[in-house]
Amino acid sequence: MAGTPHTPGRATMPAPARRWAAGRRLFLTSAVLLAVVGAIGQGAGWVLLTTTLGPTAYMLLTQPESEAARLRNSSLGHATATACGLACLAVFGLWQQPSVVEQKRDTWPQIGAQALAVGLTVLLLELFRAQHPPAAATALLITSGIARPGPPLYGMLTGLALLIACAALLARAERRPAAADAREEEGGG
């Protein structure tokens, strides 16, 4: 009704104020989420925060409604990348190879394994209709030897599982108030 006082909601805020509010929320959410995962890793004696968690957190928190951020896509994406990475380690005989960090360079077999693992990951995720770009980082971490089989790989996978589960819970919790606000606006109340 015209002339009725209205409490300004997100939709009536100016665009810069909305971006600033969204940015603050994303800053806090991502920092707290990654700190929690890191703290759990610290308590367990494993490294759970690896470079694949950064782009995964970014995608899941900034674009929770996108297809690539769906729980199915993120879980299947990293599982597929893990399988491709491990298979390429075996095919190229790199199971015991020192990591690229330890060697301070890539060997030709590592380059082949890295390229093939990412290519296979992209191919399979396309076939599975489960696009999740951060999964390519998982394939590279495994084939470069940084997340080699054993505690580094287990830590990375545990960190990913925690991150994906927590981000899914956060997205679900945020959808509830938004749905209630939409129903309230439609009802005129």
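E102 is exposed, at 52% relative accessible area, where exposed means over 50%, buried under 20% and partly exposed in between, using a 1.4 Å probe and protein chains only. The model is predicted, with pLDDT of at least 70 needed for local features and 80 or more for side-chain atom pairs, while totals for chains, interfaces and linings use all residues. Residues are numbered from 1 along each chain as its sequence is written, and side-chain values use heavy atoms, leaving out hydrogens and water.

E102 pairs with R148 in a salt bridge, with 3.3 Å between the closest N and O atoms. This link joins distant parts of the chain, 46 residues apart: E102 belongs to helix α4 (residues 100-103), and R148 to the loop between α6 (135-143) and α7 (151-187). The structure holds one salt bridge, a term that requires a side-chain nitrogen of Lys or Arg within 4 Å of a carboxyl oxygen of Asp or Glu. Helices here are DSSP runs (H or I, at least four residues), numbered from the N terminus.

Helix α6 has a set of buried residues, namely A135, T138, A139, L141, I142 and T143. T138 has a relative accessible area of 0%. Its side chain makes a polar contact with the side chain of T52 at 2.8 Å; such a contact is a pair of N or O atoms within 3.5 Å, and within protein one must be able to donate a hydrogen and the other to accept it, with residues adjacent in sequence counting only if both atoms are side-chain atoms. Neighbours within four places in sequence aside, T138 is in contact (heavy atoms within 4.5 Å) with T52, H78, A81, T82, M156 and L160. Just after α6, G145 adopts a positive phi of about 90°.

Helix α5 (residues 108-127) gives the largest share of the patch, four residues. F92 sits in the loop between α3 (71-91) and α4 and is partly exposed at 31%.

As for the cysteines, the structure holds zero disulfides, a disulfide being a pair of cysteine sulfur atoms within 2.5 Å. For C84, the nearest cysteine sulfur is that of C88, 6.5 Å away. C84 is buried at 6% relative accessibility, whereas C166 is partly exposed at 28%.

Methods: Helix = DSSP H or I, 4+ residues; strand = E, 2+ residues; numbered from the N terminus.
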